[in-house]
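Subject: Handing over the structure

Hi there,

Here is the structure I promised to pass on to you.

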Amino acid sequence: NCPETPRQKMIQMMYLVYTAMLALNVSADILNAFIVVDDTLTVSTRNATQQNNADYNWFEQQKVILGEAKIHDAYVNAKTLRKETNSMVKFIEDMRSDLIFYVDGDTLAEVKNDKGKTVKVPKTVATIQAKENFDKPTDYMINKGNGKKLKERIVQYKKNILKLAKATDRERLAAGLGLNVEEKFKKEGAVLSWEEHNFDHIISAAAVTLLNKTIGEVRNAYLSQGFHQC
């Protein structure tokens, strides 16, 4: 029951600070998991992009073989879909680069190529320096409103591509499209928006991975639902 000495108070304060630091520390295993997921998403998106291009090239070939008049509607839809998708992907890629710059101060990393030469390449989750930082991603995506801008852009993208489908198919396609950014989420009794649920108080490794995931969802939007057959 003796009063605490200044030294004891200092020790307790240091312990509280140390405990807080431990709570904020993200294990190496979790960071490595984000790196693996991000790399996998990059490969998957690359494959989807190649399929997108193959589908569009098929329409170009059919236009030559059958004549543009016979496939006019499908050809116009394919061109519109490609334009909308590439624009949406570029928007997210630019946002991802901006976020990496906001977190790390640059967007390029020095790596060794196959010949052992040092080259500069765009940063990925693996090469971001401040992987554990959660203040800057939260500030960029939530406080500065970029998460909301992304949501609004995705909503418009979905409307634009659904217009390309037959009216009788739109409800079915919309249900399986993904990119459910208008959904509401609950946490400890509070209702959260999509951007708050995904980007509020998360580390930069997770934020960049989520943006990469969204790019993949856009690339796969019509591959999985047959939009290229509209």
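His 201 counts as exposed, because its relative accessibility is 52% (exposed means over 50% relative accessible area, buried under 20%, and partly exposed in between, using a 1.4 Å probe and protein chains only). His 201 sits in the loop between helix 7 (194-199) and helix 8 (helices are DSSP runs of H or I with at least four residues, strands are runs of E with at least two, and both are numbered from the N terminus). Its phi is positive, about 60°, although His 201 is not a glycine. As background, most residues other than glycine have a negative phi.

A word on where the values come from: this is a predicted model, in which local features need pLDDT of at least 70 and side-chain atom pairs count only at pLDDT 80 or more, while totals for chains, interfaces and linings use all residues. Residues are numbered from 1 along each chain as its sequence is written, and side-chain values use heavy atoms, with hydrogens and water left out.

Leu 179 also has a positive phi, near 55°, in a residue other than glycine. Leu 179 belongs to the loop between helix 6 and strand 3 (185-187), and it counts as buried because its relative accessibility is 3%.

Now for the whole chain. It has 8 helices and 4 strands, in the order α-α-α-β-β-α-α-α-β-β-α-α along the sequence. Of its 230 residues, 36% count as buried. Taking contacts (heavy atoms within 4.5 Å) between residues at least 6 apart in sequence, 68% join residues at least 24 apart. The chain exposes about 14,400 Å², with carbon and sulfur atoms supplying 54% of it (accessible areas come from the Shrake-Rupley method with a 1.4 Å probe, and for residues only the protein chains shown count as cover).

Next, the hairpin. Strand 1 (residues 108-112) and strand 2 (residues 118-122) run antiparallel and are joined by 5 bridges (two strands pair if DSSP finds at least two bridges between them). There are 5 residues between the two strands, and Gly 116 in the turn has a positive phi of about 80°. Val 111 has Val 119 in strand 2 as its bridge partner. Thr 118, also placed in strand 2, is partly exposed, with a relative accessible area of 39%. The side chain of Thr 118 makes a polar contact with the side chain of Lys 112, at 3.1 Å (a polar contact is a pair of N or O atoms within 3.5 Å; within protein, one must be able to donate a hydrogen and the other to accept it, and residues adjacent in sequence count only if both atoms are side-chain atoms).

What surrounds Ser 204, leaving out residues up to four places away in sequence? Ser 204 touches Val 103, Ile 128, Ala 130, Lys 131, Glu 132, Asn 133 and Pro 137. Ser 204 lies in helix 8 (residues 204-220) and counts as buried because its relative accessibility is 1%. A polar atom of its side chain is 2.4 Å from the backbone oxygen of Ala 130.

Finally, Lys 163 is in the loop between helix 5 (146-162) and helix 6 (170-176), and it is exposed, with a relative accessible area of 58%. Its C-alpha atom is separated by 9.5 Å from that of Asn 77, 86 residues apart along the chain.

Happy exploring!
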